[in-house]
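This briefing covers nonpolar cores, aromatic rings, backbone angles and model confidence. The structure comes first, and the notes follow by topic.

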Amino acid sequence: MKKMKRTARIFLTALLLIALLASSVAYAASYPLIYLASDSYNMTYAEGTVAKFTFTIFPEYKNETLHFNVYDANHKSVAYLDQDFYNTSSKMREFTVTVNTAGYSGTYTVEYYMSFYSFMEWHDAPRKYTTTMTVVKGCTGGAHTWDKGYVYNEPTCTETGKAKFTCTKCGVTQFDEIAALGHAWNNGEITLEPTQTTDGKMLYTCTRCDATKEVTIYCTGGGSCASSKFTDAPSISNWAHRGIDFAVEHGLFGGTSATTFEPESPMTRAMLVTVLWRYEGQPTGYENTFSDVNAKDGSWYIDAVAWAASDGIVGGIGKNRFDPEGKITREQMATILYRYADKRGIDTDAYDDLSAFPDADKVESWAKDAMQWAVAENLIGGSDGMLLPQGNATRAQVATILMRFIQNVVNAG
């Protein structure tokens, strides 16, 4: 019996030793890591300014403490902080310690390290780190005179760099950010040819870092591009490019001159009516009834307005006036296209209740059916989430909407 009890004690002691050894091994192999930011190392500050020490901490245990001490030349602690952390995850954290240098002078040693709670007791991490903090009176009677500095961290295409500068009069140091270089894209390579109805793809490569980006293109450019003659035409990756090409190729409307298209200029009422009139085959023989549409001022659009008004596609603005130079609004354009489609016997039953747009209540009652139809047919969409019914439509927007209208509504009908 005694022999069994002795054996049991020996066995329990061995288990305890194994547990302690395992704890020791775990402690030695795993502990929280701490890094001091480069712009906090060995800095010189003007007396009275705030010194900042930014730490990145990679936790290992739930309970950890950052120990921060500032010692003078006699190793006397002049500032300290014990910051406790309770970690609920292993995500790294940043923590900044600030020291007001009022009353400081000379060079100080800054010590920092981590401790953690494990196996029912606190342990210090096996390494303590130090840097220096020098405090000077600063420049008197004038601004700092900085040296040329040196690059501490080189900037990359996407990340900023840092350069360290020192005042040649007082020795104060500071870090300044160097802006990220940004990507230097090559001319790109077409990886998928676009067509009149499908998007293409182009792959660009950065000549500095080899990063790549793929963009949607609507044209291959060059001599085959209908809008290439316009110096202000949007790029082949711009959303408006295909619509402008379509409008020019099909003779719906051209440029404002031989070399300009003015894609951001507003479309007028006369312009839009003329575009539909051309698409309809330029019918004639209709009587104009508007006092502000006459051969003297509007010879190029008089037949178009007369046709559209006679067919009920457009109306006046009152007092026998059409306002041909008035800027077309989004709801006016939707209404004109809606009436034109209806006159051609095209199904206009598509419907969207517009509830997704915060400004849906701004749509005029006479334009509501047309706007609901235009949104449902994907002719008009939101602009930053807004419908903007009274917003002016640009030439680029009208070109794109007309392309969608002809391809997806007229041809489909």
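Met 333 touches Leu 272, Ile 328, Ile 380, Ala 393, Val 398 and Ile 401, leaving aside residues up to four places away in sequence; contact here means heavy atoms within 4.5 Å. The model is predicted, so local features need pLDDT of at least 70 and side-chain atom pairs count only at pLDDT 80 or more, while totals for chains, interfaces and linings use all residues. Residues are numbered from 1 along each chain as its sequence is written, and side-chain values use heavy atoms, with hydrogens and water left out.

**Nonpolar cores**

- The largest nonpolar core has 59 residues, and Phe 253, Met 333 and Phe 405 have the most contacts inside it.
- A nonpolar core is a set of buried Ala, Val, Leu, Ile, Met, Phe, Trp, Tyr and Cys residues joined through side-chain atoms within 4.5 Å; buried means under 20% relative accessible area, exposed over 50%, and partly exposed in between (1.4 Å probe, protein chains only).
- At least two residues of this core come from each of helix 2 (241-249), helix 3 (269-279), helix 5 (302-310), helix 6 (330-343), helix 7 (368-376) and helix 8 (395-410).
- Helix 8 gives the most to this core, with ten residues.
- Helices (H or I, at least four residues) and strands (E, at least two) are DSSP runs, numbered from the N terminus.
- A second, separate core has 25 residues, including Leu 66, Phe 85, Val 99 and Tyr 108.
- In soluble globular proteins, nonpolar side chains tend to be buried together.

**Aromatic pairs**

- Rings of Phe, Tyr and Trp (its six-membered ring) pair if their centres lie within 6.5 Å; planes under 30 degrees apart count as stacked, over 60 as edge-to-face and the rest as tilted.
- By this rule there are 19 aromatic pairs.
- Tyr 112 and Tyr 129 form a stacked pair, because their ring centres are 5.5 Å apart and their planes are at 15 degrees.
- Tyr 112 lies in strand 7 (residues 106-118) and Tyr 129 in strand 9 (residues 129-136), so this pair ties together parts that are 17 residues apart in sequence.
- Tyr 112 is buried at 1% relative accessibility, whereas Tyr 129 is partly exposed at 22%.
- Trp 300 and Tyr 301 are an edge-to-face pair, because the ring centres are 4.7 Å apart and the planes are at 90 degrees.
- Trp 300 is partly exposed at 44% relative accessibility, and Tyr 301 is buried at 2%.
- Ring pairs also link Phe 53, Phe 55, Phe 68, Tyr 112 and Tyr 129 into a cluster.

**Charges over rings**

- The charged end of Lys 213 sits over the ring of Tyr 204, 5.5 Å from its centre.
- For Arg 269, the charged end sits over the ring of Phe 322, 4.4 Å from its centre.
- The rule requires NZ of Lys or CZ of Arg within 6 Å of the ring centre and within 35 degrees of the ring normal.

- Lys 319 has a positive phi near 55 degrees and is found in the loop between helix 5 and helix 6.
- Asp 384 has a positive phi of about 55 degrees and is found in the loop between helix 7 and helix 8.
- Lys 319 is exposed, with a relative accessible area of 81%, and Asp 384 is exposed, with a value of 81%.

**Confidence**

- The mean pLDDT of the chain is 87, and 92% of its residues reach 70 or more; pLDDT is the predictor's confidence in each residue, from 0 to 100.
- Among the elements, helix 1 (residues 2-29) has the lowest mean pLDDT (51) and strand 4 (residues 63-71) the highest (96).
- Over residues 20-28, pLDDT stays under 50, and the model has eight contacts for them beyond four places in sequence.
- Where pLDDT is low, the predicted coordinates should not be read in detail.
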